[in-house]
Amino acid sequence: MEAIVYETFGGPEVLRHSRVGKPEPGPGQVRVKVMAAGVNPVDYKIRYGWMDAFYPTTLPAVPGLEFAGVVDAVGEGVTHTGAGAEVLGWTTTGAYAEYALAGDIAAKPAGLSWERAASLPVAGETAQRVLDLLRVKSGETLLVHGAAGVVGSVAVQLAVAAGVTVVGTASEANHGHLRALGATPVRYGDGLAERVRQAAPQGVDAVLDAAGQGVLPLSIELLGGAERVVTIADPNAADHGVVFSAGGTEPRAVRTGLAEHARLAAEGLLDVRIAEVFPLADAAKAHELSEAGHARGKLIIRP
């Protein structure tokens, strides 16, 4: 099968369009023909070798954590799906490939495109996990840094649907997008604390940092403490007494969340903007764009 492979850690140039053996499903696994794979910032961080504590990598490796595709074969003990089923989920062998193995999957609703289905697993699980850690509830106010990013925008939508008031930091070019999602946008940069106070005179109850641009001290100041601040983007979190969340959700919760987020997306109640779709051979270009941090939405690879 065709796949993107890297044999050493490094920049986008280590990614190679190669032919490798097709993986065989083990007990509890399914093999899927990948129709679309999501590109996430964690993909290039793993490629550099920065995330080994969270995502141990054996080289050579195929990048990519999430996919949407068609079940091609099932391993021993799999009874919840079968060949021909359209699914989305997390892969254990890398999603930038024609075929991949997976254990955590959910059915893809018929009305959901491959690209949008592939955009949901990582962003949906991450956003839901952090909202659960923050224990935000109806009537409270949540500040989201990097609210126009993929994870940030999903968190905004889930929080607003739960009755939470959301203030989101973003560039002015994305303010209209955030208003459409139900958030009050504020421009980041100098004077941010005062702009947040003006947008939320009632105060802020919790903070999700999806930007990682040195906003933790300001967030702690606004809250009067670090207890309800969680970051998914600032590696210096411990220096501020802030929780850095990089995973750990139980598999059953992951599958339940996948199914629910897919349902919401199919019904038009949860949206992830698609910025660009790349063919498999252009995976390095997708990584370059992801690493630059300027993509306005989700990057997708189509094998």
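Alanine 36 stands opposite alanine 68 in β4. The model is predicted, so local features require pLDDT of at least 70 and side-chain atom pairs pLDDT 80 or more, whereas totals for chains, interfaces and linings use all residues. Residues are numbered from 1 along each chain as its sequence is written, and side-chain values use heavy atoms, without hydrogens or water.

Strand β3 (residues 30–39) and β4 run antiparallel and are joined by seven bridges. Strands count as paired if DSSP finds at least two bridges between them. Strands (E, at least two residues) and helices (H or I, at least four) are DSSP runs, numbered from the N terminus.

Two loops hold backbone features. Most residues other than glycine have a negative phi, and most peptide bonds are trans. The peptide bond from leucine 59 to proline 60 is cis, with omega near -5 degrees. Proline 60 is placed in the loop between α1 (41–48) and β4 (66–74). Arginine 135 has a positive phi, near 60 degrees. This arginine 135 is found in the loop between α3 (121–134) and β7 (141–145). Its relative accessibility is 47%, and arginine 135 therefore counts as partly exposed. Partly exposed covers values between buried (under 20% relative accessible area) and exposed (over 50%), with a 1.4 Å probe and protein chains only.

Lysine 298 lies in strand β14 (residues 298–302). Lysine 298 is buried, because its relative accessible area is 1%.

A search of the whole structure finds one cavity of 30 Å³ or more. A cavity is a set of points, on a 1 Å grid over the protein atoms alone, where a 1.4 Å probe fits but cannot get out; lining residues have an atom within 4 Å of a point. The largest cavity holds about 30 Å³ of space. Its lining consists of Ala148, Gly149, Val150, Ser153, Arg273, Arg296 and Gly297. Two of the lining residues are nonpolar, three polar and two charged. Ala and Val count as nonpolar, Arg as charged, and Gly as polar.

Terms used. 1 Å grid on protein atoms, 1.4 Å probe; cavity = no way out; pocket = protein on both sides within 12 Å on 5 of 7 lines; lining within 4 Å. Points joined across faces, edges and corners; volume = space filled by probe spheres on them.
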